[in-house]
Number of protein chains: 2
Amino acid sequence: MIKTPYLLFLGDAPDQLAAKVAQGIKDWRPENVVGQLRLEGCQADVGMADMTLEEARQADAKTLVIGVANRGGVISHRWKDVLIHALEMGYDLASGLHNLLRDDADLVKAAQEHGGALHDVRVPDDDYPIAKGRPRAGKRCLAVGTDCSVGKMYTGLAMDAEMRRRGHRSTFRPTGQTGILIAGDGVPLDAVVADFMAGAIEVLTPDNDADHWDHIEGQGSLFHISYSGVTMALIHGGQPDALILSHEPTRKHLRGLSGYPVPPLETLRDLALSLARIANPSCVVAGISINTQHLGASAADALCRETEHRLGLPTVDPYRHGAGRLVDALATL
Amino acid sequence: MIKTPYLLFLGDAPDQLAAKVAQGIKDWRPENVVGQLRLEGCQADVGMADMTLEEARQADAKTLVIGVANRGGVISHRWKDVLIHALEMGYDLASGLHNLLRDDADLVKAAQEHGGALHDVRVPDDDYPIAKGRPRAGKRCLAVGTDCSVGKMYTGLAMDAEMRRRGHRSTFRPTGQTGILIAGDGVPLDAVVADFMAGAIEVLTPDNDADHWDHIEGQGSLFHISYSGVTMALIHGGQPDALILSHEPTRKHLRGLSGYPVPPLETLRDLALSLARIANPSCVVAGISINTQHLGASAADALCRETEHRLGLPTVDPYRHGAGRLVDALATL
């Protein structure tokens, strides 16, 4: 578990997109953030107060979170001076970078000397069990997509936030590095060894109170041949009670797979449900989440209406319309 | 690639079952074996000539293969004396044990001094790519099971052997440690990191001549929630042209999952085929392999006939009946 509150490190981000991890943390867990730290030349701004390491420490910040992608696969000298200074001041560090904090001898030395933790959220624990398949108490919801990168994480975060806003019991369960940095823990599923994927998801979504919902972050797609095994492990390890179908309507083909068509939502519904019922015979498809970022407002509304009519399931873009109707659908389960 | 021929190390195996890896190598690749090495008290015998390290070396043995399970997760002193002596004589070592040769400092030192290789076949290469999904030349066959451990490896080995006996072009492609020791290379899929599972299978089954068949060793089951993600990666990474349905008719429930029923063959057929056609739209189900080891001869024959009639697919137990009819079915594709 990464200690909160955070100071978000934006470094010398060349543009706003490079700081999307920091933006995600600020959007979904603003209560966990005291401010942002930007180096000279930084072109990103997530809308938090600019602070020095010293100012944030006085505001009780515990962890400096690297909320920005780096370039070239190295941690630059400019960054490293800041990171080492932070460790000297008593911060922990957290990162989702490909190049690991723990592989940098200088950071390891400073962390040891000053008692700081180095959280590399791409690296899974190495002691997940084989999945047992035992039915677990509490409710679980999982978004499955017609393709990768269609808004499954956003859907889960939005449903969790809406449930908590209503005073319902709900937890977002991250399975990728951005989600883990947002929520403070989770399983980086794409880095888990094959035999332990489903078991890791069982550990992530344990027994809970009967009225509690886990919103499990989706990964990959059953139709995306590069990552379908990861999606399968989520469905069988998560034993969801409810599935949300996620879709991006303007894709010409699956992401990175030019010969592979995007399947119809009906095909996703039938395949995902038949697989989910192996682990949880009472699983249902509860709603549809459409990512309409590339459509105008009227086209987006029309598409959601048409889809809702066609499949008989509540259909929204949670970014445009909120996740309320998806949460309503869970309330009946 | 593990160098052949092998000397099979049976150690102090307490019974025949403990030497099943050695037995598999002797059964399927006798041409790669010069003999067996047994320590005093060994209760297993795979039916090869007993040889000392020196005798086998004179018979040109290149690799000492540990063909026996050990107890307690350690390499005993008795074993280690033999293994180090082998390295001193110029042998390579190969092992599928959980405790790795490369984690034993004495073996590493001896291997370095004498130029020997230590093959731990449970450990995958760490440089597999993300799967690309590009259609590949040549033909591929994959056995998929109603459950784990129903005879998928045996089916693949038997079909490969029958095709080669007929003079057809065929390669067995191992995905588990026993298969890898039998064939000399392969991918230990259950130990591959999630993101690279399907890519590893693409590397294992590359472009080939149009009339060449890969027989990919199956793993897990789409219905076994502990391992279904591994099976999915095999189906999507292997892009099979033909599936063989594998079944063990006396199971009361899925292996190790007491609440999970064994699905009917029809359910496996429909699910596996719909998933396989995502990667290869021309995939077909070619036949059925039933493991009848717990049935008498007449019950076994009757079950195969009944199943063949019900599903309209050639149905055999390759151990009882040979794999000829399954190979015949591939010839029409």
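**Exercise 1.** Which residues line the second largest cavity?

*Solution.* This is a predicted model: local features need pLDDT of at least 70, side-chain atom pairs count only at pLDDT 80 or more, and totals for chains, interfaces and linings use all residues. Residues are numbered from 1 along each chain as written, chains are lettered from A and ligands numbered from 1 in written order, and side-chain values use heavy atoms, without hydrogens and water.

- Step 1: on a 1 Å grid over the protein atoms alone, a cavity is a set of points where a 1.4 Å probe fits but cannot get out, and lining residues have an atom within 4 Å of a point.
- Step 2: the lining is C141(B), L142(B), A143(B), T155(B), G156(B), M159(B), H215(B), I216(B) and I244(B).
- Step 3: strand 6 (139-145), helix 5 (152-165) and strand 8 (213-216) of chain B each give two or more of these residues.

**Exercise 2.** What is the volume of the largest cavity, and how does its lining divide by residue class?

*Solution.* 

- Step 1: the volume, meaning the space filled by probe spheres set on the points, is about 40 Å³.
- Step 2: the lining holds six nonpolar, three polar and no charged residues, with Gly counted as polar and Cys and Met as nonpolar.

**Exercise 3.** Which rotation superposes chain A on chain B?

*Solution.* 

- Step 1: superpose by least squares on the C-alpha atoms of residues with pLDDT of at least 70 in both copies.
- Step 2: the rotation is 180°, with 0.0 Å of shift along its axis (RMSD 0.0 Å).
- Step 3: that's the relation of a two-fold axis.

Technical notes:
On a 1 Å grid over the protein atoms alone, a cavity is a set of points where a 1.4 Å probe fits but cannot get out, and a pocket is an open set with protein on both sides within 12 Å along at least five of seven lines; lining residues have an atom within 4 Å of a point. Helices (H or I, at least four residues) and strands (E, at least two) are DSSP runs, numbered from the N terminus.
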